[in-house]
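Have a look at it first, then read on.

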Amino acid sequence: MKWHVLRPLWVAIGLVASIFVARVFLVPDDFGVHGDTFTYGFHRLSNVQEWKDFPVKYKGRESCEECHEENLAALNGSTHQTVECENCHGPSIDHPDPNEFLPLDKDRALCLRCHAFLDYPNTDRGALVSIVDRTHKRRYECVKCHNPHDPKEYYE
Amino acid sequence: MSEELIVHGIEWTVKELFVYPNEYIYWSIQIVMYPYMTGLVAGAFVLSSLYHVFGQKQLKEIAQFSLVFSLALLPVAALPLLLHLQQPTRAMEPLLTPHFTSAIAAFGIVFTAYALIVLSEIWFVYREYFVAQAHVLKGEPGLANAMSRIVYRVLTIGAYDVSEEALRVDKKAATILAAIGIPVACFLHGYAGFIFGSVKANALWMSPLMPVIFIMSAVVSGIALCMLTYIIIMEWQAFRRRRKGSGVEASEIKGAEKETINQATRYLLGFLIAAISLEMLDLIFRGYTAMKSWDILRSVMYGKDFVNIFVLQYTLGNLVPFVLLILPGRTLKRTVLALLLVLFGVFMMRWNVVIGGQAFSLSFSGYMHYEIPIIPHSLETFKEGLFGALTVIATPFVLFWIINKFVPSLRRDAHKS
Amino acid sequence: MTCSRRDFLKEAVGGTLVSALPLSAFVFITTDEAKAAIADSKVRWAFLVDTTKCVGCGLCVKACKTENEIPYDAAVTRTWVERYVVTKDGQTHIDSPMGGRDGYTTDLIRDEEIEPEDIDKAFFVPKLCNQCDNPACVQVCPVGATYKTNDGIVLVDRDWCIGCGYCIMACPYGVRFFHPEHKVADKCNFCYHRISKGMEPACVECCSFGARRLANLRDPDDPVTKIITTERVAVLKDEYGTKPHVFYIGLDANVR
């Protein structure tokens, strides 16, 4: 009986042991050091693949070109040649099946992102053709007059 | 925007000038409560150890109370963290996959170790009482008594030996545990300071002095809370005994012992001076070295947070109680007022560190104001608002009331030796 | 009776310890294989931002939010564009409403009009996660829910993050936030799902001006790597020792 002193210790050890047992069941098997150090590489390995499998939404110009070759050809030589299709037509995601029509953005706000006049020296913004929103044909969509694929071309 | 799409922090953060888009006051009232409560735990334990280890006889009464009270405070130190987590169901993960380069990972381990030390010490101090109760309740009729007896039997962990030899061993074990407990308590709180002090991105927090400052103010607040609760409970008991009147001798109606309070006050003042000195050193050093961040820090400390820091924390929370305690002819009422102010001062110190550290943008070009949610309209605004904080404050007293039913820390006859 | 119970306890405890320890307790000892994997990795992703080319259209922010499923109207974002207007009185006016998601279409900064003749210089600075070599955010994660991959990208494990916010506090660049839906820490990962398929990050893809570009520092023939290695580039806040891997051309002293 004189070793009753150790009883709290046994309880403590039991508690710690239960944590180790819980680890076996609750910690994923691939949890460990997978990078160069414990500091930066301690993680669940399968999470890397989970992030790689995240769905792509913006498929890019090459993807559009597979079906819409002639539309892309129309951009040749245009000042908008560098503008990504999906910036205006919207991310393709699962287009064309089942998503047949993409949400084309014709809003003035989209054009104004680049073409609203900002009187800033020393930036490329100043080099872009720009308008003052308040004074330039406020009630119309820009695409009413300007061909978005080749903005030098005006519609009457 | 639907309910679940509310950005965490947007409801209580007001931005001024330029603040990075993702910056909000992510660490709000619960993270103020966390070091405050941890500090109270550590302080309460240190106070009890002053008697158990260093044999400060005048502190005997308050020491037993502090020990049990620190147990009641213990779960409450973890409660704010739990309330603050965005994924509270994953709260056990720091124990499952501790990433030891994080100061928070140590929390699970230090906290568990500390909890076991406190529990063991209480077990050794009160084992004799548990055994006695288990025997006394043996023949008593009624379900309540039977249940109590089961609790006491569990509490003895099967150790029924109350021979003089065994009790001597108990006492020795309690002393050893109290001695081990002091560095662990300091470590528990010091690392809470480290959590903040090691954040290099935060200009206000990053300081090697932070852990030491936290320990000092922790002891101050712990001692203050123990003294305060002790005085209130003792006065209340004395008041009740007086009302009952007959059969009580005048010598028993003594209320809070003067000597105990005097001695505890001396320790309180000592730690208070240490805390303030360190904080001043930190402040002076920042001003003198005037690193890149000093411009924005100065504008926060001497401008936006001036009232919080210099009026509420240093003047009302430190200077006034210091004068109140040191002036001769101290009465119990004055002591109580001073203790309340000390507790308030330490709370403001935590507030000014946690909220003050987020009062300016990482860009050093703007400010953020914390508008504490008063009336909760969602779980989030309850948890990280006034009522969440009040819940945290109330919990230790409820716990103490429950624990005290089984571990009578306030009865003078409970522990004879 | 008590003795036998103690013996039982002893054995039970010992038994569980023995069975549990080899399985999992020491998994986090650094392996040489892991070190070798890093050394052998043929990829170290980096980023090049040319602030002189940015016009502040914000299409990168828009694309990022859609691509990475960050709620569009939530006031947090993985990447953002800041506007700096330095006036002749020496003041720097900075803003980034909604992270620049809708572009900069007026000259108002926080409803304040700045006269063009008062302006010394004005420019836009795109920001995103720096994928640091010594990420402070990873160091402070208590559970190993955020980490650096072998190709240098810092990822967040959404199934393991406890949402304590320590990483958000530790990042000197303010790139981290709580995802409004998943309730875990979130940040830019250079569109890890895209770059590991050979695609460009969404913000790079959508930039019409070549202001944003991805680089593989381990590939000496990568044209962007060549710019980073041969031209004068800067990084943000190098004083924190995090070794950021987003490089900037034309970085102004006023940029925070």
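The points below go through the chains, their contacts and a few local details.

1. First, a caveat: this is a predicted model, and local features are discussed only where pLDDT is at least 70.

2. Chain A comes in two parts, domain 1 (13-52) and domain 2 (61-144). Taken over C-alpha atoms, the centres of those two domains are separated by 47 Å.

3. I checked the geometry of helix α1 (residues 7-26) of chain A. The buried residues of α1(A) are Arg7(A), Pro8(A) and Ala17(A).

4. Now chain C itself. You'll find eight helices and twelve strands in chain C. Of its 256 residues, 50% are buried. If you take contacts in chain C between residues at least 6 apart in sequence, 63% of them join residues at least 24 apart.

5. One residue in chain C that I looked at is His179(C), which sits in the loop between β9 (177-178) and β10 (185-186). Is His179(C) buried or exposed? It has 24 other C-beta atoms within 10 Å, and the cut-off for buried is 20 or more, so His179(C) counts as buried. Leaving out residues up to four places away in sequence, His179(C) touches Val184(C) and Asp186(C). As for Gly144(C), it lies 35 residues from His179(C) in sequence and 18 Å away in space, C-alpha to C-alpha.

6. Over in chain B, take a look at how helix α10 (residues 306-326) packs with helix α11 (residues 332-354): the angle is about 150° and the axes are 8 Å apart. Angles over 145 degrees count as roughly antiparallel, so that is what α10(B) is to α11(B). The crossing of α10(B) past α11(B) is left-handed. Residues making the contact include Leu312(B), Leu316(B) and Val320(B) from α10(B), and Leu341(B), Gly345(B) and Met348(B) from α11(B).

Note on methods
Residues are numbered from 1 along each chain as its sequence is written. Chains are lettered from A and ligands numbered from 1 in the order in which they are written. This is a predicted model: local features need pLDDT of at least 70, side-chain atom pairs count only at pLDDT 80 or more; totals for chains, interfaces and linings use all residues. Domain bounds come from an automatic or database domain assignment. Helices (H or I, at least four residues) and strands (E, at least two) are DSSP runs, numbered from the N terminus. A residue is buried if 20 or more other C-beta atoms lie within 10 Å of its own, exposed if 12 or fewer, and partly exposed in between; C-beta atoms are placed from the backbone. Two residues are in contact if their C-beta atoms, placed from the backbone, lie within 7 Å. Axes are lines fitted to C-alpha atoms, for helices over the stretch in contact, and angles run from 0 to 180 degrees between N-to-C directions. Angles under 35 degrees count as roughly parallel, over 145 as roughly antiparallel, 65 to 115 as roughly perpendicular and the rest as oblique. A crossing is left-handed if the near helix is turned anticlockwise from the far one by less than a right angle, and right-handed if clockwise.
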